[in-house]
Amino acid sequence: MGPRHAGAAHATCATGDASIVTETSSLADRWTQVRDRVAAACRAAGRDPDAARILPVSKTFGPEVIREAVALGLRRFGENKAQEIRDKAGPLADCGLEWVMIGHLQTNKAKDVARLASEVQSLDRPKLAAALHRRLEAEGRTIDVLVQVKTSPEQTKYGLPPEQLPAFLDELRGYDTMRVRGLMTLAIHTSDPVAVRACFRKLRELRDDAAQRGYDLPRLSMGMSGDFPLAIAEGATEVRIGTAIFGPRPYPDSYYWPETPKAD
Ligand SMILES: *Cc1c(COP(=O)(O)O)cnc(C)c1O
């Protein structure tokens, strides 16, 4: 174990010491629990126990907490805001992490994401695709992307309307900076498991329809701390887990999912 603070001269990532910090042992416990629960949900769905990959969502947690997660072997983190990726990528540059953008992305933030993110799962409109392509070209980078589709009737959720998916996938074929690997969604925010599961099923069906038209979209990113077993039952290949790993966040969800979508 290295020191808790990485100096600029350190060649390898300095991680938290999981054995002495109480806070860290509970992070370790929660991580183990989440892995067990995800594997159990896979088995319950008749799938391979490691059929669903976990994307730890570190939004609102700072570099110190992320270093503790790195000490547990985590290397890939989901973030909801471009600004947070920017703020964390610098201090954690020694860790060689992969940043995955999962939140609404304004076109004027595409530059940071094109530079720092290994992947974007919230690609949800033509204007953003054009902006990201331009910025990725300038960076000389190619990244994996998922198209975020709106599967819930709520007004509050971002995502491409499902009926626009065929045309959008066609359009993305024109951008060689982005490899379209699958689809992502947020389920309706309700305690009704039937309604939640319907959102996940919808995403799988949209993927299957696209496959009929020749699109290979193996990845389905769906399910979060509160609903991932339902997503896994419907074929999620990855679940985005924040609270169940890192604990409660200091801000309410409305901070991330504003009632009124911002203009791009
Ligand atoms: C915050 C967030 C998650 C994780 O949510 P939890 O309920 O904390 O697991 C997943 N996906 C997106 C897009 C998020 O913003």
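Biologist: How far is an oxygen atom of the ligand from an N or O atom in the side chain of Arg249?
Modeller: Keep in mind that this is a predicted model, and the distances come from its atoms. Arg249 is among the residues that come nearest to the ligand. Between an N or O atom of the Arg249 side chain and a ligand oxygen, the gap is 2.7 Å.

Biologist: And how much of the ligand's accessible area does the protein cover?
Modeller: On its own, the ligand has 390 Å² of accessible area.

Biologist: Which residues come nearest to the ligand?
Modeller: There are 13 residues around it. Ser225 has a side-chain N or O atom 2.5 Å from a ligand oxygen, and Lys59 has a polar side-chain atom 2.7 Å from one.

Biologist: How many residues of the shell around the ligand are nonpolar?
Modeller: Let's sort the shell by class. Three of its residues are charged and four are polar. The nonpolar ones number six.

Biologist: Zooming out, how many helices and strands are there in the protein?
Modeller: The protein has 264 residues, and 51% of them count as buried. Among contacts between residues at least 6 apart in sequence, 62% join residues at least 24 apart. As for the elements, the count is nine helices and eight strands.

Biologist: Which residues touch the most other members of the largest nonpolar core?
Modeller: In soluble globular proteins, nonpolar side chains tend to be buried together. Here the largest nonpolar core holds 68 residues. Those touching the most other members are Val38, Phe77, Leu123, Leu132, Val147, Leu183 and Ile232.

Biologist: Leaving aside its neighbours within four places in sequence, which residues is Ile232 in contact with?
Modeller: Ile232 belongs to that largest core. Setting aside neighbours within four places, its contacts are Val38, Ala41, Cys42, Ala45, Arg47, Ala52 and Val239.

Biologist: How many residues are in the other core, the one with Leu55 and Val100?
Modeller: That core lies apart from the largest one. Leu146 and Met184 are also among its members. Its size is six residues.

Biologist: Is Glu79 buried or exposed?
Modeller: Glu79 sits in strand 2, which covers residues 76–79. The cut-off for buried is under 20% relative accessible area. Glu79 has 0%, so it is buried.

Biologist: Which side chain makes a polar contact with the side chain of Glu79?
Modeller: Beyond its neighbours within four places in sequence, Glu79 is in contact with several residues, including Ser58, Lys59, Trp99 and Lys88. The polar contact between side chains is 2.7 Å, and the partner is Lys88.

Biologist: What about Arg76, is that one buried or exposed?
Modeller: Arg76 is in strand 2 too. Its relative accessibility is 7%, and buried means under 20%, so Arg76 counts as buried.

Biologist: Which residue's side chain is joined to that of Arg76 by a polar contact of 3.3 Å?
Modeller: The Arg76 side chain also makes a polar contact with the side chain of Glu119, at 3.5 Å. Both Glu119 and Glu238 are among the residues in contact with Arg76. At 3.3 Å, the partner is Glu238.

Biologist: Last one: which residue just after helix 2 takes a positive phi?
Modeller: Helix 2 spans residues 63–71, with Ile66, Arg67, Glu68, Ala69 and Val70 buried. Just after the helix, a phi of about 105° belongs to Gly73.

Technical notes. Residues numbered from 1 in each chain as written. Predicted model: local features only at pLDDT ≥ 70, side-chain atom pairs only at ≥ 80, totals over all residues. Heavy atoms only, no water. Near = heavy atom within 4 Å. Polar contact = N/O pair within 3.5 Å; in protein donor to acceptor, adjacent residues only side chain to side chain. Areas by Shrake-Rupley, 256 points an atom, 1.4 Å probe, with all protein chains shown as cover. Nonpolar A, V, L, I, M, F, W, Y, C, P; charged D, E, K, R; others polar. Core = buried A, V, L, I, M, F, W, Y, C linked by side-chain atoms within 4.5 Å. Buried < 20%, exposed > 50% of the residue type's maximum accessible area, 1.4 Å probe, protein only. Contact = heavy atoms within 4.5 Å. Helix = DSSP H or I, 4+ residues; strand = E, 2+ residues; numbered from the N terminus.
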